[in-house]
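I opened this notebook to keep track of what I looked up, one topic at a time.

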Amino acid sequence: MKKNILALNGGKPIINYSFKISNSIDRKDINSVVKVMKTGVLSGFVASDNEFFRGGNEVRKFENLWSKYFKVKFSVSVNSWTSGLIACIGALDFEPGDEIITTPWTMCATATAIIHWNCIPVFADIEPDTFCIDPISVEKRITKKTKAILAVDIFGQSCDYIRLMKLAKKYNLKLICDSAQSILTTFKGRYVGGLGDIGGYSLNYHKHINTGEGGVIVTNNKNYAKKLYAIRNHAEAIVAKGTKKELTNMIGYNFRMGEIEAAIGIQQLKKVKKRVKLKQNIAKQLNIGLKNLKGLKLPKVRKHSTHSYYLYPMILNPKILGVSRKKIFKALEAEGIQGLTEKYITLHLYPMYQKKIAYGSKNFPWSYFGKKISYKKGICPVAENLQDKTFLGLQIQLFDLNKKDVDRIIKAFKKVWQNIDDI
Ligand SMILES: Cc1ncc(COP(=O)(O)O)c(C=O)c1O
C-alpha cells in the first residue's frame, strides 16, 4: 500500500489497510501434496515410447478430470501456459514465415510463442469496449501467408467467436484460443478455451485457480493431441526410441507437469466455480456502486457470453472529467485503493518489437521471407489510445476482496469524483 501520497480532504485515505492477498490454497490442497510427497514419486514422466510417456497418476487423473469438466476430448497439462502456447503453435505445423494474427493486448508469451517457431506475429487492433481482438481488423491483416488467428480472451472477457470462426472458415485458418485469464468464461454456453482448434489456460499463481506454475492445453482433435503429448515430452527422443514414426519431424521439450502440481490442480478444479463467482460478485458490486460516476465507463460483457473478471476494466473520458488519467489514478491510489493499473500491455510497442525485430533493423529475422511487417506506433490506434489515455483497470485477481473492501473502493472512487476539481 502506498502511503506517501496525500489523500483528498485533509489527507485521510478511505482505505488504510492492505487488502488480503489472493489465496486459493486450503487444507485439502496441502493434504494432497503431502500424499504425493509420501509416495516419493514427484514426476511420473519418462521420455520414452512406453507407459510413462504421458506422466504419472496425478497428471493423468488431473487431465481426465479437466476434460470432463470442460467438455473437451483431450487435455494436456504443461508446466506453464507459456509452454502450452509454444506446444500449440508447434502442434499446428506451421512453416517458418507463416503469419499468425494476434492481439497486442495480451501477455507477451502469446506472441513470443509465435516467434519461437519462426512464424510472424501480425498485430490486429482490439475492440474499444471489450479489449479483445477485433475481427474487422483481423480480416484487414489477412494475406496469403496467414495461417492462424491467435485470439485472447482478455481479462475474463470472451472474444467474438462467431465472427472469428467465420473468418477462420472463410480463409482456411486455424483458430487458437489463449484463455489464460478466462477460466469458466463461456460463449454461447461453451467454455472459451475449447472453442478453437487448440486452446488453453494458465494455472500460474495469479489466476482464479493455480498450481503455482502450470497450464492446460485443450483440443478435440486427436492428431493435435498426439503432437501436443510429443512436444511436451521430448518428441525427437520418443520417435527415435519407439513407434511414433508419423511424428518424425517434431522436436519437443520438457514441458511436463509434476505430480505435486497435478495433485494441487485436482483440488483447485473443485473450487474453480466458487473462485470465479467471487470475482463476478465483486464486479457486480462495483457495477452498481460506480454506475453514476460521469466520465467512467464500466465493463461491457459480450452478448451470449459470461465474464470471469480476472481484471475489472474501466475506461475514463478525460474530456468529460476535465483532468488527466494520471491525476485520477494518483488520487485513487492516495485513497488507498490497491491493484489499480492505469495501463495495460500494448505488445507491438515493446522494445523487442521496436528494436530487435522491427522491420529495417539489422536483426529483423524475417527479412529472409521478404515480408515487411510493421510494428510502428499507429498500427493499432484503439489499443494505443486506451494505453496512452483512457484505460483504468482494477486487478481484482490479486486479492481476496470482501464486500466491505469493495464498499470502500466504491467510496474512494466517489470521494475522488466529488473532489475532481481539486486534483
Ligand atoms: C493472456 C496470457 N497468455 C499467456 C500467459 C502465460 O501464462 P503462464 O504465466 O502460465 O506461462 C498469461 C499469463 O499471465 C496470460 O495472461
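This is a predicted model: local features need pLDDT of at least 70, side-chain atom pairs count only at pLDDT 80 or more; totals for chains, interfaces and linings use all residues.

Residues are numbered from 1 along each chain as its sequence is written.

**Domains.** I looked up the division of the chain and found domain 1 (8-23 + 272-345 + 375-422) and domain 2 (27-271), with bounds that come from an automatic or database domain assignment. Their C-alpha centres lie 30 Å apart. The contact between them takes 26 residues from domain 1 and 31 residues from domain 2, where two residues are in contact if their C-beta atoms, placed from the backbone, lie within 7 Å. On the domain 1 side, helix 11 (272-289) and helix 15 (381-390) are the elements that give two or more residues, and helix 11 supplies the largest share, six residues.

**Ligand.** I then turned to the ligand, which 14 residues surround, the closest being Trp81, Thr82, Met107, Ala180 and Ser202; a residue is near a molecule if its C-beta atom, placed from the backbone, lies within 6 Å of it. Helix 4 (81-91) and helix 5 (109-116) are the elements that give two or more residues to this shell.

**Helix 2 and helix 10.** I checked how helix 2 (residues 27-39) packs with helix 10 (residues 259-270), and their axes are 9 Å apart at an angle of about 150 degrees. Helix 2 is therefore roughly antiparallel to helix 10, a term for angles over 145 degrees. Axes here are lines fitted to C-alpha atoms over the stretch in contact, and angles run from 0 to 180 degrees between N-to-C directions. Among the residues making the contact are Ser32 and Val36 of helix 2, and Ala263 and Gln267 of helix 10.

**Helix 11 and helix 16.** I returned to helix 11, whose axis comes within 10 Å of that of helix 16 (residues 403-418) and crosses it at roughly 30 degrees. The two helices are therefore roughly parallel to each other, the term for angles under 35 degrees. Here Ile282, Gln285, Leu286 and Gly289 in helix 11 meet Lys403, Val406 and Ile410 in helix 16.

Note on methods
Helices (H or I, at least four residues) and strands (E, at least two) are DSSP runs, numbered from the N terminus. Angles under 35 degrees count as roughly parallel, over 145 as roughly antiparallel, 65 to 115 as roughly perpendicular and the rest as oblique.
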